[in-house]
Amino acid sequence: MSPGLVAVVDCGTNTTRLLITDGRGPAAERRSEITRLGRGVDASGRLEVAAVERTLACLRDYREAIERYNPSAVRVIATSAVRDAANRSEFLEPAESILGAVPEVLSGREEADMSFRGAVSELDQVEGPFLVVDIGGGSTELSYGVQHCTDALSLDIGSVRLTEKYVHHDPPRPEELSVCLSVTELHLDDAVRAIPALSGECRLVGVAGTITTVAAVELGLATYDRDRVHHFRLSKDAAEDVFRTLATEALADRVHNPGLHPGRADVIVAGTCILVRIMRYFDFDECLVSEADLLDGLALSLLEA
């Protein structure tokens, strides 16, 4: 056993991720695979057999890495897609068998708390308060605070969910984009009513695949470079430019944008709708992009325990 290491697995709606770390230096292992566990869940309320099998195959690969490092603790979590699925046990039970740890289905609030913790762990408190935005495949978490998250909310909008509900043409039609933007605005209205502090001065910090992808496209990264993306200052104008580019291209052309993972190309437009609407709604001039996120927050909680 490696007493200084912990492992965290995040089974998200779009991506399945692994982090093995001691919390002090570069991660021993950090992996991400687009498995689209949440495909079709919004419409059917159930996990698809093929999506479950893709994700379990990924977990088998992750198990090999976990066994190689032999960390002192392992935590496995699932988020929006599994929260919403009536047949979640068809995924959770084999996942436990593969990884040897009981998967936890995080509530939206718990997910937001951990995202906040990871995102602000390297930031100076004097720059706060912070609004941490985590745009996932099935939901978007908003969390607010300085050193600790004091308010949080999970919104039922995400890159996969909005794509499946509202984007039916390639490239998306203007009216489809308008619906994605309008639906996001309605959720933000609800968020401000629930958390009035969001209307005040705060710094926007963005985490997760949609936002890091927009940053990578803006940077033109032919090969993804985590160090260049981490703490990149994505201006509002740059986010709008990337949005216009991606939204007006057909999928066959969009996939050729440097920085855009092909597996994310079909849902990135809806995800970017959420980002630009947030920046417009709260009049943010920039978004501090963070590669430290939910996984890092979960790892910190394990290391402290």
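This is a predicted model: local features need pLDDT of at least 70, side-chain atom pairs count only at pLDDT 80 or more; totals for chains, interfaces and linings use all residues.
Residues are numbered from 1 along each chain as its sequence is written, and side-chain values use heavy atoms, with hydrogens and water left out. The chain averages a pLDDT of 93, and 99% of the residues score at least 70, where pLDDT is the predictor's confidence in each residue, from 0 to 100.

Strand 9 pairs in the parallel sense with strand 6 (residues 130-135) over five bridges, two strands being counted as paired if DSSP finds at least two bridges between them. Within this pairing, Leu-204 of strand 9 is the bridge partner of Leu-131. Strand 9 also pairs in the parallel sense with strand 11 (residues 286-289), over two bridges, and there Val-205 has Leu-288 as its bridge partner.

The structure holds two aromatic pairs. Rings of Phe, Tyr and Trp (its six-membered ring) pair if their centres lie within 6.5 Å, and planes under 30 degrees apart count as stacked, over 60 as edge-to-face and the rest as tilted. Tyr-281 and Phe-282 form an edge-to-face pair, at 4.9 Å centre to centre and with 70° between the planes. The rings of Phe-282 and Phe-284 have their centres 5.9 Å apart and their planes at 50°, so this pair is tilted. Within it, Tyr-281 counts as partly exposed at 25% relative accessibility, while Phe-282 is buried at 13% and Phe-284 is buried at 7%.

Most residues other than glycine have a negative phi, and most peptide bonds are trans. A cis peptide bond, with omega about 5°, joins Gly-128 and Pro-129, and Pro-129 has its place in the loop between helix 5 (108-120) and strand 6. Another cis peptide bond joins Asp-170 and Pro-171, with omega about -5°, and Pro-171 is found in the loop between helix 6 (159-166) and helix 7 (174-194). Positive phi values in residues other than glycine include that of Arg-36, near 50°, and that of His-231, near 65°. Arg-36 lies in the loop between strand 3 (29-34) and helix 1 (41-44) and is buried, with a relative accessible area of 6%. His-231, in the loop between helix 9 (226-229) and strand 10 (233-235), counts as partly exposed at 27% relative accessibility.

The largest pocket has a volume of about 840 Å³. On a 1 Å grid over the protein atoms alone, a pocket is an open set of points where a 1.4 Å probe fits, with protein on both sides within 12 Å along at least five of seven lines, and lining residues have an atom within 4 Å of a point. Of the 39 residues that line the largest pocket, Thr-15, Arg-17, Ser-32, Gly-209 and Arg-264 are the closest to its centre. The elements that give two or more residues to this lining are strand 2 (15-21), strand 3, strand 6, helix 8 (209-219) and helix 13 (294-304). The second largest pocket has a volume of about 400 Å³, and of the 18 residues that line it, Thr-21, Gly-25, Arg-30, Glu-122 and Asp-296 are the closest to its centre. Strand 2 and helix 13 are the elements that give two or more residues to the lining of this second pocket, and helix 13 gives the most, with four residues.

How values were computed. Buried means under 20% relative accessible area, exposed over 50%, partly exposed in between (1.4 Å probe, protein chains only). Grid points are joined across faces, edges and corners, and a volume is the space filled by probe spheres set on the points.
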